[in-house]
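Please read it with the coordinates open.

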Amino acid sequence: MPKNKNLKCILIIGSGPIVIGQACEFDYAGTQSLRSLRDEGIETVLINSNPATIMTDPSVADHVYLKPLTTKSIIEILKKHPNIDAVLPTMGGQTALNLCIEADEKGIWEDFGIKLIGVDIDAINITEDREKFKQLMGRIGVPVAPAKTVTSFLQGKEVAQEFGFPLVIRASFTLGGSGASFVHRAEDFDEMLTYGLEASPIHEVLIDKALLGWKEYELELLRDKNDNVVIICAIENMDPMGIHTGDSITVAPAMTLSDTAYQRMRDLAIHMMRSIGDFAGGCNVQFAVSPDEKEDIVAIEINPRVSRSSALA
């Protein structure tokens, strides 16, 4: 929600076409946010390239633009609506965040005097850049799987020799796990590494030791402008680590997590959210938990936006 009562008109960026890893849940989240903003008396402007959504129904937003999700479209809309004070990109999945970053790099938000709400650019960058995220977690004392970022084929081969198999390759700045793969055998590594490097728009991948078989959980966080943080929901994936979240059945609330492990996870998640920025909005934090009595907790990632799970929760 807006940080102050002075906002009169807000631009919402949708998630575009329904694709693997970014589906109709973002339509639900965007529709709910548009309704909430209108209840607050705020004028809403929506851009989404996908007409097969509830949010693009004329009754949901005050102004609906079915246009390509590009900076050119953003500029066109901002010129038509000089009264837009702020943009809310966190309801449109990774597509909206990437577009928001691109618009910021081109100086569009600054040129039109647009405030970013629900997240800040630094938070997006630090959570999407795998190496920056890993370094930050090291500084704040949050456990992560052994991992290294590489930007070349040769660097990747060296990391594979150091870590051994199985490995996970994750491409930076991609959507819904695109460019990611599990590698169990050395003979498959070259092909998967090349695939990941080519999928990343900045030609960068994170290679980490696979936590296959560990349990996977997600916490949904919401923070206000006074830095009060609440855990909306604890979600458990029925499938273990190794099955992409988008392909897994999720259960809310979490069913097999002990209370002590949950409290540790809760504290880690709040610590992580506060460390990535000073924004008021939502976050989704994913954790892996060892399937033994130790219940070791490892942070997988944090998304400074609505996720599949939070939209459903």
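The numbered points below run from overall shape to a single side chain.

1. **Basis.** This is a predicted model, in which local features need pLDDT of at least 70, side-chain atom pairs count only at pLDDT 80 or more, and totals for chains, interfaces and linings use all residues. Residues are numbered from 1 along each chain as its sequence is written, and side-chain values use heavy atoms, with hydrogens and water left out.

2. **Overall shape.** The radius of gyration, taken over C-alpha atoms, is compared with a globule rule of 2.2 Å times the number of residues to the power 0.38. For 313 residues a compact globule would have a value near 20 Å; the protein has 20 Å, which agrees. Along the principal axes, the C-alpha atoms fill a box of roughly 55 × 45 × 35 Å.

3. The accessible surface is about 14,100 Å², by the Shrake-Rupley method with a 1.4 Å probe. Carbon and sulfur atoms hold 52% of that surface. Of the 313 residues, 52% count as buried. Buried means under 20% relative accessible area, exposed over 50%, and partly exposed in between (1.4 Å probe, protein chains only).

4. **Secondary structure and contacts.** There are ten helices and 14 strands. These are DSSP runs, numbered from the N terminus: helices are H or I with at least four residues, strands are E with at least two. Contact means heavy atoms within 4.5 Å. Among contacts between residues at least 6 apart in sequence, 65% join residues at least 24 apart.

5. **The five-stranded sheet.** An open sheet has the order E3-E2-E1-E4-E5, with parallel pairing. Its edge strands are E3 (63-65) and E5 (115-116), each pairing on one side only. Two strands pair if DSSP finds at least two bridges between them. Five bridges join E1 (residues 9-13) to E2, and Ile10 stands opposite Thr44 there. Three bridges join E2 (residues 43-47) to E3, where Ile47 faces Tyr65. Four of the five residues of E2 are buried, so E2 is largely enclosed by the rest of the structure.

6. **Nonpolar cores.** A nonpolar core is a set of buried Ala, Val, Leu, Ile, Met, Phe, Trp, Tyr and Cys residues joined through side-chain atoms within 4.5 Å. The largest has 56 residues; those with the most contacts inside it are Leu11, Ile74, Trp109, Leu221, Met272 and Phe287. Helix H9 (residues 259-276) gives the most to this core, with eight residues. Apart from this core lies another, of 17 residues, among them Ile12, Leu34, Leu37 and Ile42. Leaving aside neighbours within four places in sequence, the contacts of Trp109 include Leu11, Ile74, Leu78 and Asp104.

7. **A buried arginine.** Where does Arg223 sit? Arg223 lies in strand E10 (residues 215-223). Arg223 counts as buried because its relative accessibility is 4%. Its side chain reaches the backbone oxygen of Gly277 at 2.7 Å and the backbone oxygen of Phe279 at 2.8 Å. Not counting residues up to four places away in sequence, Arg223 also touches others, including Asn228, Met273, Asp278 and Gly281.

Key
A polar contact is a pair of N or O atoms within 3.5 Å; within protein, one must be able to donate a hydrogen and the other to accept it, and residues adjacent in sequence count only if both atoms are side-chain atoms.
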